[in-house]
Structures are given as C-alpha cells and as structure tokens.
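Student: I would like a close look at one part of this protein. Please keep it brisk and spell out the cut-offs.

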Amino acid sequence: MTTRREPPISDEAIQFWDATREQRFVLPWCTHCDTAIWYPRSTCPRCFGDDVEWRADAGAGAVYAASVHTRPGTGRIEEDGPYVVALVDLDAGVRMMSNVTGCPPGDVQVGMRVALAWEPLSDGRHLPVFRPA
C-alpha cells in the first residue's frame, strides 16, 4: 500500500468520500444545466445554479496530460518509486487530477484510455486512481 498524505474532507465533498468507502464513484451534477462538476462544490461553475445532486459514474476517461515523478512528493516515501500524476478527462465531461497505476510510468501517454481503480486510505475511504483500460 502506498503511504501518502490523505485528502481532507470538505463539507461539499462528504457524499463523494462516503461513496468511496463502498468503492462507488459519484460526481456532483448541476440539475439546472445538467452538467457534471469537478471538484465538489455547492454552486455550478457554469450556470451558478445551486441545485447539485450526486450521480454514479463509471470513472472511464482518457489521459489529458501526464507527468512522471521520480522523487517522492509530499506525503510519499522513497519505496513508492516513480509514479504518474495525470489529468484525466472523464467521459462525464470533467477533468480530474489523479494517479495512473498498473503499468510502467513511462507507458502512460496522452490520449490513453483509463478506467477507475481504488487505493485504500487508512480511515476506510478509497482514493480514486486510474489504470489502463
């Protein structure tokens, strides 16, 4: 298991993190303009509507950009080895920053299709990461 600093839980993201405890991936959607939102917040950045609901999503997408980190970042240990930080364009229409795992870091390419995977956290939540589809 990777050792890392674990993300805090904001008021807007409670439902997201609660779903990860069951390895369910959910995204906030604005019901006014029917648009997915990322990161979790109470107001839609597109239409400024404040009626947001949570919808299940498969977490599939494509790598928009990727960077291989060869030295441990904040909250990581040397044994984590090289890892990929990527921006992933989800099919739902949002872009999410995460890691791509399950393949050599040098194999991650822009446009590569990825699927959702989970990394367990110490408090029962799971961090969404991606693997080659």
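Student: Which strands form the open sheet, in what order, and is the pairing parallel or antiparallel?

Tutor: First, the ground rules. This is a predicted model, where local features need pLDDT of at least 70, side-chain atom pairs count only at pLDDT 80 or more, and totals for chains, interfaces and linings use all residues. Residues are numbered from 1 along each chain as its sequence is written, and side-chain values use heavy atoms, with hydrogens and water left out.

Now the sheet. It is open and has 3 strands, in the order β2-β1-β3, with antiparallel pairing. Strands here are DSSP runs of E with at least two residues, helices are runs of H or I with at least four, and both are numbered from the N terminus. Two strands pair if DSSP finds at least two bridges between them. β2 (35–36) and β3 (52–56) are the edge strands; each has a single partner, so one side of each lacks a neighbour in the sheet. Strands of a sheet pair through backbone hydrogen bonds, either parallel or antiparallel. Between β1 and β3 there are 5 bridges, in the antiparallel sense. One of the bridges joins V26 to A56 in β3.

Next, the cysteines. A disulfide is counted when two cysteine sulfur atoms lie within 2.5 Å. The count by this rule is 0. C30 is in no disulfide, and its nearest cysteine sulfur, that of C47, is 3.6 Å away. C33 is in no disulfide either; the sulfur of C44 is the nearest, at 3.7 Å. C30 counts as buried because its relative accessibility is 0%. Buried means under 20% relative accessible area, exposed over 50%, and partly exposed in between, using a 1.4 Å probe on protein chains only.

Then the aromatic residues. The structure holds 4 aromatic pairs. Rings of Phe, Tyr and Trp (its six-membered ring) pair if their centres lie within 6.5 Å; planes under 30 degrees apart are stacked, over 60 edge-to-face, and the rest tilted. F16 and W17 have ring centres 5.0 Å apart and planes at 80°, so they are edge-to-face. F16 and W38 are also edge-to-face, because their centres are 5.0 Å apart and their planes at 65°. This second pair links distant parts of the chain: F16 is in helix α1, W38 is in the loop between β2 and β3, and 22 residues separate them. F16 is buried at 3% relative accessibility, and W17 is buried at 8%. W38, at 21%, counts as partly exposed. One aromatic cluster takes in F16, W17, F25, W38 and W118.

Finally, the core. A nonpolar core is a set of buried Ala, Val, Leu, Ile, Met, Phe, Trp, Tyr and Cys residues joined through side-chain atoms within 4.5 Å. The largest one has 28 residues, and F25, L27, V63, L90, V100 and F130 touch the most other members. β1 (26–30) is among the elements that give two or more residues to this core, and so are α1 (14–20) and β5 (83–90). Contact means heavy atoms within 4.5 Å. Leaving aside neighbours within four places in sequence, the contacts of L90 include F25, L27 and F130. In soluble globular proteins, nonpolar side chains tend to be buried together.
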